[in-house]
Each structure stands twice: as structure tokens, then as C-alpha cells.
Amino acid sequence: MIPDKHIPQRFNLVNVLWDIQKKRRYISKDDIAKIANEFNISKTELEGIISFYHFFHFKDAGKYTIYLNCSTISKLYNYHEVKKAFEDELGIKMGNTTKDKMFGLFQTSCIGLSDQETSALINYYPFTNLTAEKARTLIAKIRAGHSLQELCNFPKDNIQYKPEDENKTIFFKPFEIGDGLKKLKKLSPEDVIKMVEDSKLSGRGGAFFPTGTKWKYCRNNVSDQKYIICNADEGEPGTFKDRVLLNSYPELLIEGMAIAGYAVGATEGFIYLRAEYKYLKEGIEKAIENFNQAKLLGKVILGIENFDFNVQIFIGAGAYVCGEETALIASMEGKRGEPTTKEYFPVEKGYLGKPTVVNNVETLCAVPRLLEMGLKNYLAIGTKSTPGTKLLSVSGDCTKPGVYEIEWGMKLKDFLVLIGANDPYMILFNGFAGECLSSVDFEREISGENLLADQIQFTFKDPIEYAHKMSGVGLRSGGSFMVFNQSRSLISVLKNITDFFVAESCGICVPCRTGNFLLSRKIDKIKLGHGSKSDMEEIQEWSHIIKQSSRCGLGKTSTNCLLTAMLKFPEEFEKLTKDESDFNDAFNIDRATQNYDNIIQEIESTYD
Ligand code: SF4
């Protein structure tokens, strides 16, 4: 059953909070008391939920709420000038609201527009390629009464590059609504699962869990209700390929969700759309409507007995960790979006305790294509371990940023040529949770071939040994590909990354919450030229502790970039750190405690 939007049950809590925030621009103490009462939860718990999300406010956030993107790519462009222009024009500092409550100015991490930085959202309308002048004009026009709808002309997204050979592209061929779905007339759910398993399609959001296996587990769990959730919470900094699919190819997604529903026996589908992509909601709703009109959603789809499926959209409220599937489900259930310990996998007990498949947008979009083109044609693309293609979101120092569809197996050096990378020095591959690549990686291919276990990959100490061992190892990315040339400050990029994890850690486990905070301070110290070799050793040590002892993927991957940057760019750290002996030891802890040590020794000797 589709949850009714107006029922005061936990699964509607985030919707209700959005409704209030939209009406009043913030959630007041009275609102909290009323909702807590209606939903039968404590005010403290409710405040904990509200404060968990970036986009819910306890104070008036202004009639026009501006969120300026402060991610690392935004800072390569005009972030500082645009920030100053907004602050000057509005007469307020970042994080405040004007006295007349007309404007609120806040910063936020990556909003999925890294190909068009510097960008901002105003009441969730996107404004891209901002300059200081554009920011000033924008404010003047809003003050003059122009509507945001009129001022924002965000276009349909185009793919920057797709393989020239039509048989090598999966996503961007012309298609008719229902092309893949119609194949179901001749396929049983088990046939579909087998085909997806044989295709080796795996989670394209970055986890790369085999999709067919996930579907099979879900199918095998008997239940009166199952769910398909599309994870459209594309929060990994530098990734925006799902934005393009959602913006220009929503039909493909809905078709993929319906096929998944048929395969596992689910009748309800949800698209968990990140709040940063609210502007895409209307287009997706139109696509759902088209499917309803064409009777490709609803009851007895295509005349197939028991094939009932519906799709609705759930809007997130700004939390990177909700990209993790158990956190996403918790968020949909009206709780803080914190990851669970996976006592049960979602395919066993997921949304509202029912078997649930959570798949990324790109994964689901690939399914109708697979059915339509057939397994043989699909397997003819890509590599043995990773057949098919991959969408990469390219940003930073290159002449052609945008979304690229490439066949798995392309060499990194060839991809750099394709995107017009100028003097590539460092590549942030797979986002902030990924790794730093340097010229030692250029010969490697983008694929899932010969992968090493994560822990091995991040324990190399010597760049030469690393280059030797990793030369034949593929590179897999969920989609983010950020290029930096030599003029960029690597330490500033790393600072942006650690600050990001400090802000986005849900705080439930100590290594992730405290460890990333301490790393951020260490980087500050190094950036200021006060770092020493022992700081470097501590960073290494703490990074591994955080990796090994954090509960979820956020913590486990939060130090990947730092570790790989230290391995591949030691010179960057050497120029910023000193030997202990270089520091003025005006204060020496050993000398300062010498008397104390002597006293202790004397006391101890009296007991001998
Ligand atoms: Fe939360 Fe970080 Fe622990 Fe994940 S690793 S559960 S984000 S504190």
C-alpha cells in the first residue's frame, strides 16, 4: 500500500516537515510540540531528526533561501568572489538571514553541478556558472520582483560523450517507452534475475554489489509486500551523472524500477530524490504520468497476471550519509538517517520491515537496455569482469567537463585525452570516498579487472612498489572524476575533503566522528607550516583506525584520499612539514616533567 501523505505515521514525518518548512520557512517550537504529539514521539527525538538534515531550519531561513556550493570544484572557480558578492549585496554574513527575512544565505556541499561551477540553489532552483556580477544581478532581479522560475533556465542535460559505435552505448540510444518492459511478456521473474546475474551488472552508485544477486535474495524472501527503492541521493562530491539521467531520461529509470518490481515480486517503488535535485521532480512526475497513461504502471501491467507496480517520489532533506542504503531507509521511515549495523540486509528486512531492493539510478536505467539489446550484445561491450559501459561525471581542470559514457576497459590516459585534461596532476577518482590518482596510474584501465581487496590497496607505503603492484589493476568509480592541475593546492583539496566528512559524519561511532575532526585539525596544522614528520605518522595511523573501526562506508572510506595522496604526492607534504629538530623547542615536555619523573622514581624506590 502506498503510504498516504497525510497520515501521521513515521513514514510521513519528513514529508510533514517539508510541508511546514515550505509554509513557514522554518520549523518552530510550537510546530515541534504539535508534531511530536501527533506522531507520538518525544520533542527531543524530533529535534534530533530535524537537526540531522541540512535543509531543515529552526529559525527563519528567508523568503529566498540561498545555498552556495562550497565543494572543492566550486572553489576552483568563483566561490570566494560569489560568496563576497552575495554577502555584500545582502548585507549579511554566510549562515544568516537578512533583517527583513527576505534572504537567507547558507553554504552547502556538492549539489551535483560540478560541471557548471560555481553554482547555488535558491529555493532549490539551480543557478550555475555564477560570477560575482551574476550573483549581484540575480539579487537585484529578485528584489525587482522577477520570479525564480523565470530567472532559472536550467536546460535538459546532454551527454558530453558517448561511444561513436551505436552498439557500444547503453544509455543514450533513442528508445520508445516500454521497449525493455515489453520483453517481460516472454520472461519469467527468474529469467530476468538470471539475465541480470549473467550480465554482471553491479551497483553503479559505487558499491558494485551484484544486482542480480541482490534481486535473487529479495525474491527468495516471502512477504506480503516488497519494495523497490531507487537511490537518487547522488551526494558523492563531483558526481552528477544521475542528475543527467533523471533530467533527460526519467522514463528509462521508471522502466528499470518496474522490471525490478516484476523480478522480485514488489508492487511499490520509491525514488529517494535528494533535495538538491528537487527541480527535477516535475519532470520525473511527468514521466510517471506518461507510464500510467500508457498502462505501463498500475495493475496487471502488459496483461501479465500479478504484475502490479506503482512509483512515487520521496524527497530527502540534505544528508550525504543517506546515500548508504540502511540510512536511506531510516530516513524514509521518519528517523534520523543513520546507518544500521546490518543485523538484517534490506532484502530481508528493509523499508517498514519488508524485503526491499535499493538500487542506484544508473543501475536501474541499465536494466531495460539489457533486456532490449539481449545478453549477448550486452556482454560484447566492456571487459570480462565488468561488461557494459560506465557513466563518469567529469569536472575540474579539463576543457570538456560533463557526463561521459565509456566502455569499461578504457585506459585512464586515453580518458584524460578525451576530456581535454590540461596538465593533469592529481585526479580525485570516485569522489571524496575514492582515491587520489597520479601519473603512476595513467596506464591503468577503468574497469573492475584484477581488483585488490580495499585494505591491501590502501596499505602501500612505497610509491614504486605501489606502481608495480597496481599496474594491471582496474579502477572502478561510482561516477566522480575530478581533475586538478599542478597550480592547485593539494593540501587545500584534502582540507575540503576532511571538513566534508566532519560535517557529514552522522556521529554515531567515535572513530568516524572524532577521527575525522582530528585529521582536519592536523591538516590545518600542516597547511600553516607547523606540521612535523610525527604528524604525518599520526595521520597515517589514525586514518587506518578510522578505516577499520567505523560502522559504515562513510567512515571506512573517509580517509582513502588522504592515504593515497600521502603515498603518491609525498613531495607536497615534505614541502609543508619540518623535522622535529627544526622546531624551536622553547617548551620541551620531557624537560618540563623531569622533576616530576624524579619525584615518582623516589617514591617508587621507597616501596622497593
Ligand atoms: Fe555514522 Fe560515520 Fe559511523 Fe557511518 S561511520 S555510522 S557516518 S559515524
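The model I worked from is predicted.

**Entry 1: the core**

I began with the nonpolar side chains. In soluble globular proteins, such side chains tend to be buried together. Here the largest nonpolar core holds 167 residues. Which of its members touch the most others? I found W215 and L428.

I left aside its neighbours within four places in sequence. L428 is then in contact with E435, C436, S480, F481, M482, F484, V493, I497 and C561.

A second core is separate and has 21 residues. F208, L392, W408 and L416 are among them.

**Entry 2: aromatic pairs**

I counted ring pairs next. The total is 29 aromatic pairs. I picked two to follow.

W18 is in helix α1, residues 13-24. F56 is in the loop between α3 (43-52) and β1 (64-69). The pair therefore ties together parts that are 38 residues apart in sequence. Both W18 and F56 are buried.

Y404 belongs to strand β11, residues 402-407. F415 belongs to helix α16, residues 412-418. Parts 11 residues apart in sequence are tied together by this pair. Y404 is buried, and F415 is buried too.

I also looked for rings that group. W18 and F56 turn up again in one aromatic cluster, with F52, Y53, F55, Y67, F106 and Y124.

**Entry 3: charges over rings**

I found a like arrangement at Y344. There the charged end of K349 sits over the ring, 4.4 Å from its centre.

**Entry 4: salt bridges**

How many salt bridges does the whole structure have? My search found 36.

K84 and D88 meet through their side chains at 2.7 Å, N to O. Both lie in helix α5, residues 79-90. They are four residues apart, about one turn of the helix.

E362 bridges to R204, with the closest N and O atoms 3.9 Å apart. E362 is in helix α14, residues 361-373. R204 is in the loop between α8 (189-199) and α9 (211-220). The bridge thus ties together parts 158 residues apart in sequence. I checked burial as well: E362 and R204 are both buried. E362 and R204 also belong to a network of salt bridges, linked with K241, D242 and K390.

K411 meets E443 in a salt bridge of 3.6 Å, N to O. This pair links distant parts of the chain, 32 residues apart. K411 is in the loop between β11 and α16. E443 is in the loop between β13 (435-437) and α17 (454-457). Are these two residues buried or partly exposed? K411 has 31% relative accessibility, so it counts as partly exposed. E443 has a relative accessible area of 45%, and is partly exposed as well.

Notes:
Residues numbered from 1 in each chain as written. Predicted model: local features only at pLDDT ≥ 70, side-chain atom pairs only at ≥ 80, totals over all residues. Heavy atoms only, no water. Core = buried A, V, L, I, M, F, W, Y, C linked by side-chain atoms within 4.5 Å. Buried < 20%, exposed > 50% of the residue type's maximum accessible area, 1.4 Å probe, protein only. Contact = heavy atoms within 4.5 Å. Phe/Tyr/Trp six-rings, centres within 6.5 Å; stacked < 30°, edge-to-face > 60°. Helix = DSSP H or I, 4+ residues; strand = E, 2+ residues; numbered from the N terminus. Lys NZ or Arg CZ within 6 Å of the ring centre and 35° of its normal. Salt bridge = Lys/Arg side-chain N within 4 Å of Asp/Glu carboxyl O.
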